[in-house]
There are 2 protein chains.
Amino acid sequence: MKIPKIRAYVLDGLAHAFNPKSIAVVGASRSSTKVGWNIIKKLREDGYKGKIYPVNPRAHPYPIFGEKTYKTVRDIPEPVDLVVIAVPFFLVKSVMKDCVANGAKIAVVISSGFKEVGAKELEEEITNYCRNNGFPFIGPNLLGLGNTHSNLNLGFMPYLPKKGNVAIFSQSGANLLAWLGMSRTQRLGISLFTGLGNMADIGFPEFIIYAGKDKNTKVIALYIEGLQSKKEFIKACQEVVPKKPIIALAAGSESTKGKSAAAAHTGSTALTSEEYDKLFEEAGIIRVRTQQEFVDVALALSMQPLPKGGWVFITNGGGSGVLATDECARRGLDLLEIKGFLKQQMRAAVGPLGSPLNPVDLTGMATWRDYKMAMEAAITNPDVGGIVVSVCPTSITYPEKIAVIIYEIYKKYKDLGKPIIAQFQGGPECERANNWLKDRGIPSYLTPEQAVAGMAALSKYAEIKSKFS
Amino acid sequence: MKIPKIRAYVLDGLAHAFNPKSIAVVGASRSSTKVGWNIIKKLREDGYKGKIYPVNPRAHPYPIFGEKTYKTVRDIPEPVDLVVIAVPFFLVKSVMKDCVANGAKIAVVISSGFKEVGAKELEEEITNYCRNNGFPFIGPNLLGLGNTHSNLNLGFMPYLPKKGNVAIFSQSGANLLAWLGMSRTQRLGISLFTGLGNMADIGFPEFIIYAGKDKNTKVIALYIEGLQSKKEFIKACQEVVPKKPIIALAAGSESTKGKSAAAAHTGSTALTSEEYDKLFEEAGIIRVRTQQEFVDVALALSMQPLPKGGWVFITNGGGSGVLATDECARRGLDLLEIKGFLKQQMRAAVGPLGSPLNPVDLTGMATWRDYKMAMEAAITNPDVGGIVVSVCPTSITYPEKIAVIIYEIYKKYKDLGKPIIAQFQGGPECERANNWLKDRGIPSYLTPEQAVAGMAALSKYAEIKSKFS
């Protein structure tokens with residue numbers, strides 16, 4: 001198959017896919033055991049307000065969920081924005097013909113039974129037909145897609161994720177589900193989300209360009225098992241990264257076994273880890289390595305401005321500072337060297353038993369006043385690019401109180417445009433403090449290593465932005 | 001200072017420290033703003049049932065918390081099991097003399113102001129005095145210690161951790177607090193826990209030997225910023241690892257900055273990362289790298305038996321399988337090659353769209369019956385050493401139901417002695433499933449990488465055990 005350049009009609013189709021005024025569900029059913037029934041139920045449950053056209057020759061003329069049914073998409077009296085196809089694979093091509101006849105804007109093919117099980121020819125035949133008729137489609141073989149900003153949850157996702165500004169495009173439905181779920185428990189706000197399925201027609205580049213223009217998206221996050229064209233991928237990324245950061249988890253790259261697993265899963269050919277490193281460097285992508293790091297890094301990029309200098313890590317736990325320093329070393333990130341007036345200020349904040357070096361160790365005796373003094377000194381200092389506030393609950397350090405102080409400092413000095421990251425290590429009281437801050441726009445993590453992952457991503461994107469702008 | 005070999009009176013002292021029938025609190029106070037008051041309050045609140053002797057010349061003769069007060073430890077009419085010292089540093093030596101006079105078994109010195117601020121001579125003077133009198137002490141400059149099995153929470157820990165079988169000895173109070181807190185939210189059961197402080201008298205080796213003998217401890221977990229003697233450390237570990245696994249997070253080892261941070265924190269000299277690798281290999285220690293991995297690895301070792309062969313990774317998410325395979329590659333762990341009869345069985349379980357390779361991909365269409373079939377086939381197969389069950393919630397895969405199936409299989413085949421690990425990736429429903437299983441003895445993680453960390457640790461300890469036995 002030819003790898004297309006960015007196509008205007010596809011971008012237009014994606015705009016309709018993520019903000020549809022009308023949706024036709026082909027394979028709609030009155031039986032609650034059927035996929036088609038569940039798709040309509042989910043759409044309505046999660047708040048989709050537009051028009052729904054159930055399509056099923058056997059259900060016609062009985063209404064489904066109170067909506068008039070149609071025999072085919074062709075019979076729908078107006079051009080439909082989005083057609084969802086959930087019928088057996090051998091019917092998909094004829095549905096595509098109906099879509100073209102209707103003047104529909106785009107299709108999402110949920111159906112499986114294509115390249116992933118060896119039926120490459122059928123998939124290519126459908127793709128060629130659609131491309132020749134200028135009709136774009138997402139899939140086949142995918143979990144679904146959605147947009148929190150239009151209350152759109154189309155497919156098999158149990159619920160809408162938390163609303164926010166991170167767009168996720170994933171070649172794995174399972175990992176997409178993981179992140180949608182974690183968006184709730186870990187407070188990562190999501191805008192667009194799509195399982196890409198087999199990427200027969202639309203691949204990463206057009207999703208990236210589209211998300212680059214989407215007004216609700218600030219960060220683009222990719223889960224990749226293989227690319228159709230490195231060249232088109234790099235081009236799309238390079239166009240977008242001056243405006244928005246792109247992060248990627250490239251899987252199946254660590255071994256030949258990983259490659260086989262990816263091949264068995266999506267029929268993709270994974271690159272090696274080194275090849276991805278090179279590719280991502282050229283594309284201006286921030287690479288992440290694990291499912292958790294994907295969330296941690298997206299969180300920082302989605303919430304905070306970029307640092308214009310080195311970081312100061314302020315903690316009441318010497319041990320947290322040591323772990324943070326180790327993680328900085330592993331990521332090649334240097335903490336700011338504290339000297340001059342800032343050092344004097346820090347010495348005052350840490351008291352006789354602490355350390356004014358970076359990490360700044362306020363010691364276990366630190367109160368909220370000490371935190372406040374150290375934070376204000378750091379954030380107002382022109383050499384300081386950003387600050388991390390790490391907290392370990394002691395009998396005199398109350399996480400909830402420190403969280404409030406962090407939020408106050410954040411509001412007071414927001415105009416300085418410096419990033420603030422928090423980290424509360426411990427039990428339920430720390431979870432509460434972390435969530436409270438995340439709900440107010442401050443990334444806040446459980447462990448020092450996660451906080452450093454967030455810092456490193458912000459610093460890395462500052463570099464990428466200046467390189468590609 | 002001379003580095004002592006293992007001393008019998010120290011082991012006896014530790015037995016009293018972790019199971020004290022009586023505790024003298026030196027620096028006890030009637031003022032709720034004072035450390036000594038809080039120590040007694042915490043002891044009683046968390047359920048310590050033994051005798052408490054408040055000691056404070058100024059409080060005498062007024063009772064504190066209803067207990068008769070004493071001017072000095074010397075005045076207490078019976079030898080005390082454990083003396084807690086929370087007085088200014090310059091008074092510590094005279095308190096030690098009182099302890100010796102009383103015939104006390106061991107002291108815990110909470111007070112700071114010693115080596116960590118440069119007062120090395122005073123610390124050595126006290127240590128020499130105590131050693132010459134055969135009186136052991138823990139600290140100085142430490143957070144506290146405890147034992148969930150005797151409801152002992154002595155020091156600054158806000159609450160007792162979840163009861164269990166992991167002993168934690170930490171050179172960082174902040175990281176100890178993190179793990180005590182995470183023990184609650186992440187269901188890691190803990191037996192003994194101690195902040196080691198400056199380790200003036202008792203260092204890692206004696207704690208390790210003691211925990212090796214403690215009947216409630218199955219796993220020993222260390223946070224290390226520096227060692228007094230590699231030789232004594234290795235010897236102690238080698239003695240214990242044939243019976244119990246030891247894991248260690250060695251911090252400050254990744255850079256010279258990390259070394260400085262560790263030096264500023266505990267006055268320790270950290271080894272380099274490569275030196276630690278070598279040391280741990282020789283000692284039979286499982287190395288972990290992050291605060292979270294410390295918990296993940298301890299969890300698996302604390303709950304499950306060791307594998308006697310390769311692992312089978314069963315999932316309904318192709319993408320989770322790919323991430324797991326990558327993490328296996330990074331950890332040098334091979335999944336079992338599935339062949340012969342097991343392959344036929346897996347083919348039946350996965351259906352036409354899945355993959356019977358390892359990871360076994362049941363696909364998003366998997367029901368609890370498919371999971372059950374695959375799990376039973378795997379666990380009863382003689383080639384299989386252990387299984388991981390990875391679950392991504394879909395519209396037909398309910399985490400709670402699969403969790404019950406996993407628990408049933410676990411109970412049914414417990415006699416086979418094969419480890420089972422679970423992993424539920426997603427939102428609140430997955431958190432519930434993970435916690436439900438952990439409360440029943442099955443390690444269950446949020447992400448595939450964490451599950452692989454657990455697998456790798458069990459496999460590694462199986463290797464270590466056979467090497468050192």
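This is a predicted model: local features need pLDDT of at least 70, side-chain atom pairs count only at pLDDT 80 or more; totals for chains, interfaces and linings use all residues.
Now look for G203(A): along the chain, P4(A) and G203(A) are 199 residues apart, yet their C-alpha atoms are separated by 9.3 Å.

Staying in chain A, turn next to a pair of helices, α10 (residues 291-303) and α16 (residues 448-468), whose axes come within 8 Å and cross at roughly 55 degrees. That angle is why α10(A) is described as oblique to α16(A). The crossing of α10(A) past α16(A) is right-handed. On the α10(A) side, the contact is made by E293(A), D296(A), V297(A), L299(A), A300(A) and L301(A), while α16(A) brings in Q450(A), A453(A), G454(A), A457(A), L458(A) and Y461(A). Sorted by class, the residues of this contact are 8 nonpolar, 2 polar and 2 charged.

Finally, step back to see how the two chains meet. Here 64 residues of chain A are in contact with 64 residues of chain B. On the side of chain B that touches chain A, at least two residues each come from α5 (173-185), α8 (256-266), α10 (291-303), α11 (318-330), α15 (428-438) and α16 (448-468) of chain B. The largest share of that side, 10 residues, is supplied by α11(B). By class, the side of chain B that touches chain A holds 32 polar, 23 nonpolar and 9 charged residues.

Methods: Residues are numbered from 1 along each chain as its sequence is written. Chains are lettered from A and ligands numbered from 1 in the order in which they are written. Two residues are in contact if their C-beta atoms, placed from the backbone, lie within 7 Å. Helices (H or I, at least four residues) and strands (E, at least two) are DSSP runs, numbered from the N terminus. Ala, Val, Leu, Ile, Met, Phe, Trp, Tyr, Cys and Pro count as nonpolar, Asp, Glu, Lys and Arg as charged, and the others, Gly among them, as polar. Axes are lines fitted to C-alpha atoms, for helices over the stretch in contact, and angles run from 0 to 180 degrees between N-to-C directions. Angles under 35 degrees count as roughly parallel, over 145 as roughly antiparallel, 65 to 115 as roughly perpendicular and the rest as oblique. A crossing is left-handed if the near helix is turned anticlockwise from the far one by less than a right angle, and right-handed if clockwise.
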